[in-house]
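The sequence and structure come first.

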Amino acid sequence: MEPSLQAVAFQAAIGFVIAAATSWFTIRLSLSKFRKEQLWEKKALAYERVIDAIHKAKKFSSEHLDAQYSGRDLPDEHSEEPHKLANEAKDEISRAADIGGFILSAQALEIIREYERQSRDTKHIGSWYEALEYDYGITDHCLKSFIAEAKRDISEVT
């Protein structure tokens, strides 16, 4: 006995519904995965910019401290150039944080705010050497804290 036209149409309709539902579900999963990957890339780039800026700030004080420890000549502590470079690095940290502000975690932004606050708190510093040590200490702490937060935040996206 041959299947009726109604039975064939019913089986075709069920096949179509199953195919459509499977396609819809697959597309939704793919879009969700794509969005997560896009967010991960944006977060990674934002964190990378801030980490790079913090590294530049740390490098400034690190190089000057190394020169001090090894007895090499340092630029005159009263010249504008060392202060200009340090300020540019700090401005870059703020700029990178502002650019990534909608992507970075609240904790990451708090780390930067604390770093900026500590950078302005220089009343207790009496010499160029103390300024370098203080700057290196707060910058190193900020870098380590920020990297740890970046790892935690980015791992939540995946």
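Tyr-47 is buried, at 1% relative accessible area. Buried means under 20%, exposed over 50%, and partly exposed in between (1.4 Å probe, protein chains only). Phe-146 is also buried, at 0%.

This is a predicted model: local features need pLDDT of at least 70, side-chain atom pairs count only at pLDDT 80 or more, and totals for chains, interfaces and linings use all residues. Residues are numbered from 1 along each chain as its sequence is written, and side-chain values use heavy atoms, leaving out hydrogens and water.

## Aromatic pairs

Rings of Phe, Tyr and Trp (its six-membered ring) pair if their centres lie within 6.5 Å; planes under 30 degrees apart are stacked, over 60 edge-to-face, the rest tilted. The count is 2 aromatic pairs. Tyr-47 and Phe-146 have ring centres 5.4 Å apart and planes at 55°, so this pair is tilted. It joins helix α1 (residues 5-70), which holds Tyr-47, to helix α4 (residues 128-157), which holds Phe-146, across 99 residues. Helices here are DSSP runs (H or I, at least four residues), numbered from the N terminus.

Tyr-69 and Tyr-129 make an edge-to-face pair, 6.1 Å centre to centre with 75° between the planes. Tyr-69 lies in helix α1 and Tyr-129 in helix α4, 60 residues apart. Tyr-69 is exposed at 52% relative accessibility. Tyr-129 is partly exposed at 27%.

## Gly-100

Gly-100 sits in the loop between α2 (80-99) and α3 (106-120). Gly-100 is buried, at 3% relative accessible area.

Technical notes: Helix = DSSP H or I, 4+ residues; strand = E, 2+ residues; numbered from the N terminus.
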